[in-house]
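Colleague: I'm new to reading protein models. Could you walk me through some helices and strands?

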Amino acid sequence: NTSKNSFYYDFSNLPSEGNGVLVGAGPGYGKTSMVAGFFVPLYTQKSPAEVIVLDPDSNVNRWDKWGYERAVNDYDEILKCLQWFVSEKERRKKLKDYQLFKEHDLILIWDEINDCRRNWNKKDQDEAARCLGILLNSRKYKITVFAMMQDANVEAIGISKKCKDQAVIILSGKATLD
């Protein structure tokens, strides 16, 4: 539905429309709750998935209260996990269609991208951006990424317009106004 001043998106379409999902909003605007409590359940209604959370603040955000038991909060381990997901995508890419069909769905939730970038050196920032750019186009290999940033500017997290165009971008709070 559209009107003169607004656009309403039917989020039930999200699993069929988005290769990956970038969520942009300032601190305290509910990115974690939106992804954990609404978006991921939409994706797992039809088929279960293994969910891995990357969040340096996972002890504060308490992903376990949402039922997500696999949370990585160490910056070095977060980068290694991103690299593993890229390797997994490449492994799955080599499988024949019937073999890929047997693979289980993977969901990667990466929260606090901006915080991670502030704590990495330039080389690690670039590597993480490279990984995210690759993973935003992984749905056909049964890998879906939800990445959360604290603004509306994807260049601020190091990904290009081409990579950004692979994802659905959802903005909330001040990021929407900006």
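This is a predicted model: local features need pLDDT of at least 70, side-chain atom pairs count only at pLDDT 80 or more; totals for chains, interfaces and linings use all residues.

Colleague: Okay, which residues of α7 are buried?

Modeller: General idea: an α-helix has 3.6 residues a turn, so residues three or four places apart point the same way. In α7, the buried ones are Asp 124, Gln 125, Glu 127, Ala 128, Ala 129, Cys 131, Leu 132, Gly 133 and Leu 135. Among the elements covering them are β1, α4 and β5.

Colleague: And what caps the N-terminal end of α7?

Modeller: That's Asn 121, with a side-chain oxygen 3.1 Å from the backbone nitrogen of Lys 123.

Colleague: How many residues does α4 have, and how far does it reach?

Modeller: α4 runs over residues 75-93, which is 19 residues, and spans 27 Å from first C-alpha to last, close to the 27 Å expected.

Colleague: Now strands. What sits on each side of β1?

Modeller: In a regular strand the side chains alternate between the two faces of the sheet. For β1, one side has Gly 20, Leu 22 and Gly 24, the other has Val 21 and Val 23, and all are buried. With five of its five residues buried, β1 is therefore largely enclosed by the rest of the structure.

Colleague: Which strands does β1 pair with?

Modeller: β1 pairs with β6 in the parallel sense over five bridges, where Val 21 has Val 168 as its bridge partner. β1 also pairs with β5, again parallel, over four bridges, and there Leu 22 partners Ala 147.

Definitions and conventions
Residues are numbered from 1 along each chain as its sequence is written. Side-chain values use heavy atoms; hydrogens and water are left out. Helices (H or I, at least four residues) and strands (E, at least two) are DSSP runs, numbered from the N terminus. The expected span of a helix is 1.5 Å times one less than its number of residues. Buried means under 20% relative accessible area, exposed over 50%, partly exposed in between (1.4 Å probe, protein chains only). Contact means heavy atoms within 4.5 Å. A polar contact is a pair of N or O atoms within 3.5 Å; within protein, one must be able to donate a hydrogen and the other to accept it, and residues adjacent in sequence count only if both atoms are side-chain atoms. Two strands pair if DSSP finds at least two bridges between them.
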